[in-house]
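Reader: Before we discuss any assignment in this model, could you show me the sequence and the structure? I would then like to ask what each label rests on.

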Amino acid sequence: MKTKLTLFSILVSIAMFSCNTSKPKYKSYSGDAEIERKVDSVLSLMTLEEKIGQMTQFSGRGDITGPEMQNEVMPYLKKGLVGSMFNEATVEKVRPLQEAALAESRLKIPVLFGYDVIHGFRTIFPMSLAESCSWDLDLIKESARIAATEAAAEGISWTFAPMVDIARDARWGRVMEGAGEDVYLGKLVATARVKGFQGEDWKDLKSTNTVLACAKHFAAYGAAEAGRDYNTAEVSERTLNEIYLPPFLAAKEAGVATFMTAFNEIGGVPCTASKYLYKDILRDRWDFRGFVVTDYTAINELVEHGIAKDEAQAAELAANAGIDMDMTGGVYLENLKAQVEAGKVSVESIDIAVSRILEMKFLLGLFDDPYRYMDEARQESTRMKPAFLASARNIAKRSVVLLKNENIFPIDKSSKKTIALIGPMIKNQSSLNGEWAGRGDRNQSISLFDGLQEKYKGSNIQFTYAQACDLTGNDKSGFKPALSVAGKADLVLVAMGEDFNWSGEAACRTNIQLPGVQQDFLKELKKLNKPTGLVLMNGRPLDLSWENENMDAIVEAWYLGTTAGDALADVISGDYNPSGKLTLSFPRNIGQVPIYYNAKNTGRPIPKNDPDADYKSTYIDVENSPLYPFGYGLSYTTFSIKDVKLNANTLKSGEQLTVNATLSNTGNVYGEEVVQLYVQDLYGSVTRPVKELKGFEKVGLEPGESKEIQFTISEEDLKFYDINMNFVAEEGDFKLWVSNNSSNESNELSFQFKH
């Protein structure tokens, strides 16, 4: 093997000496002239078939996440016609595939191995939406770094994350994979995750604890009509630019190496065939220099969309739109050569795509050592290290959101009582990792039952248990024994939610109440008049109107991953005071969806002093507001925000406005509060939202302690796309609020902006 790699090095050296020394036609991601020359030299040795091979990704058989290619990969590996492989992991499985590519292929170009490392690889962290509820960017970055470290130890050098789609519709199953409904927070989370996966700059990619990141899904996938996966997204140019594109731009500016196409169409053009998205915006406007990969079989699907008559035309459309790699569809492999020979796709566009892919392989160090991610000893020593599990538990408890609490939580370890643990999520392990479980072992996840048993071991708390019902289905045979157990207890703790298969990709719902007969059981339990706390484990906001009215306490625990039970026990016992805040609004019922805090005022808003006014933009059966708004979350202590002040009443171009406020812990225990700054532009050349998040700070305070919080507002914070689609800040009047959630409009102040 060493001899063959040396021969390849000699060939590259000869090519570097003999090839045209002018700058390659592609714009390099790194800007490193030496790497550019290496890329150009390899490219000069390649045949058209080999180039197209680099643009082709095969799916392995290790994990199946979509339709499979019918082609067996091994013959293509041996011919050097595979650029990347997906869904294979562990050194034992990946190394033989790399060996096959290097042993017999002509140029011995290493293969890039990718995997869906979404919120953990072996150590599974809270699902991405839950993590965003921590509002802790450092911890979000840390979890991505740990996931990258574990994945890189098992042969993976590329992840298909972060998903940075803005999501406003709880019916859509993939809301669990993103950071929620807000653009400002979404941009910051995107940056944190990219830096966590990749490091601070391209030089960090040679480290064995980083992997290539992938910003997905470009673009507006979260706007799928009716919350139905893969559906059309009808968005205006303004909405696309103001809501859906900014997190992608943030990812690009953070250095993300790759982008992934979206399944949806915009304006009649499927994203995977959109020159507007991939040439005009991504390349020309943003100057993105990494490479673009499709989502799973997205080029094939151009035929079903009805924009291509066959896969040959689909290959032409995608290649000419600037799509560099075909994920598992085989369309480029089977059709692209003929399209080039027919003059429908230029050789130059192929060369540019292949150059982008080769550069990433150089930056990862794969040409120097194709097996650098395939170290058996590092694999064993890295997997689920105690420090990783401790980090997972730390961020998991910070991702929990307390929605309601009427003297139920925390449950004091020194008290003497019998607690009935009831429900299908009490002992459930399989759902705790969520849909995107990486290589995490679902049987190793800590259940709520085991977490509580460990937490209260040696105390005077006694637990009893009954399942009551399944997560789905109509079987009520467990109601009676469960009610009997509950009737003998001092307090009832019920754990319910969704099976992990009920959220995630292709898991959309038109009814977002608790599935099956779970709510039916709660209604029977309510008749016992026992103090009851409800713990929810689910992948989306649910319709909890009945539960909010009838349960004494509600904890939104989401899917917290490997350490779920221990983290929840930390919160339930009060060893950790919950500090999570929602990043996606909870509706009062499905009819409000999509619902989000930064909506438009309309020409007929509801008057604040006359909420029952007729002929206004309202419903006749429910109020407009969400059940639980963006930014909302309770604590075991209380906080006050007072003395909100501006250093001036006018903000001028080139200057900053300073906002000061005093946060005080007015309760009896230590707690953390997320202080949030919202701004409203009262009028403009186009309509503006009723408020927009422009800053936040998470602060921990002891009882009685106070701290001054300071925010700054600049002209940049006030910019939007004006009536001519110029990104500017317009002169005018503004309001601002410093509050603990998006619905709290106390502490209102006003200011003006002038050029």
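Author: Helices and strands here are DSSP runs numbered from the N terminus, with helices (H or I) of at least four residues and strands (E) of at least two. This is a predicted model, in which local features need pLDDT of at least 70 and side-chain atom pairs count only at pLDDT 80 or more, while totals for chains, interfaces and linings use all residues. Residues are numbered from 1 along each chain as its sequence is written, and side-chain values use heavy atoms, with hydrogens and water left out.

Reader: Where is the place of Met725, and why is Met725 described as partly exposed?

Author: Met725 is placed in the loop between β23 (720-721) and β24 (727-728). Buried means under 20% relative accessible area, exposed means over 50%, and partly exposed is what lies in between, with a 1.4 Å probe and protein chains only. Met725 has a relative accessible area of 22%, so it is called partly exposed. Its phi is about 65°, a positive value although Met725 is not a glycine.

Reader: What makes Thr297 count as buried or exposed?

Author: The relative accessibility of Thr297 is 6%, and therefore Thr297 counts as buried. Thr297 sits in the loop between β9 and α12 (301-305), and its phi, near 60°, is positive in a residue other than glycine.

Reader: Which peptide bond involving Pro594 is cis, and why is Pro594 called partly exposed?

Author: The bond that joins Val593 and Pro594 is cis, with omega about 0°, and Pro594 belongs to the loop between α22 (564-573) and β17 (639-646). Its relative accessible area is 44%, which means that Pro594 falls in the partly exposed class. With neighbours within four places in sequence left aside, Pro594 is in contact (heavy atoms within 4.5 Å) with Arg168, Asp169 and Arg171. The C-alpha atoms of Pro594 and Pro541 are 11 Å apart, for a separation of 53 residues along the chain.

Reader: What makes β5 and β9 edge strands?

Author: Two strands pair if DSSP finds at least two bridges between them. Three strands form an open sheet, in the order β5-β6-β9 and with parallel pairing. Each of β5 (214-218) and β9 (291-293) has a single partner strand, so one side of each is left without a neighbour in the sheet. Direction ignored, neighbouring strands of this sheet are turned by 30° against each other on average.

Reader: At what angle do helix α7 and helix α8 pack, and which handedness is given to their crossing?

Author: Axes are lines fitted to C-alpha atoms, for helices over the stretch in contact, and angles run from 0 to 180 degrees between N-to-C directions. On that basis helix α7 (residues 137-152) and helix α8 (residues 183-198) pack at about 35°, with their axes 7 Å apart. A crossing is left-handed if the near helix is turned anticlockwise from the far one by less than a right angle, and right-handed if clockwise; α7 passes α8 in a right-handed crossing. The residues that meet include Ile140 and Ala144 in α7 and Leu188 and Ala192 in α8.

Reader: How many residues does the largest nonpolar core have, and what makes a set of residues such a core?

Author: A nonpolar core is a set of buried Ala, Val, Leu, Ile, Met, Phe, Trp, Tyr and Cys residues joined through side-chain atoms within 4.5 Å. The largest one has 200 residues, and those with the most contacts inside it are Phe218, Phe259, Tyr332, Phe409 and Val535. Helix α15 (residues 347-363) supplies the largest share of this core, nine residues. Beyond its neighbours within four places in sequence, Phe259 is in contact with residues including Cys214, Phe218, Trp286 and Val292. A second, separate core of 24 residues includes Val675, Val679, Ala729 and Val738.

Reader: What makes both faces of strand β1 count as covered?

Author: In β1 (residues 56-59), Thr56 and Phe58 on one side and Gln57 and Ser59 on the other are all buried. Strand β1 runs parallel to strand β10 (residues 326-327), with two bridges, and parallel to strand β2 (residues 84-86), with three bridges. Gln57 stands opposite Met327 in β10, and Ser59 stands opposite Phe86 in β2.
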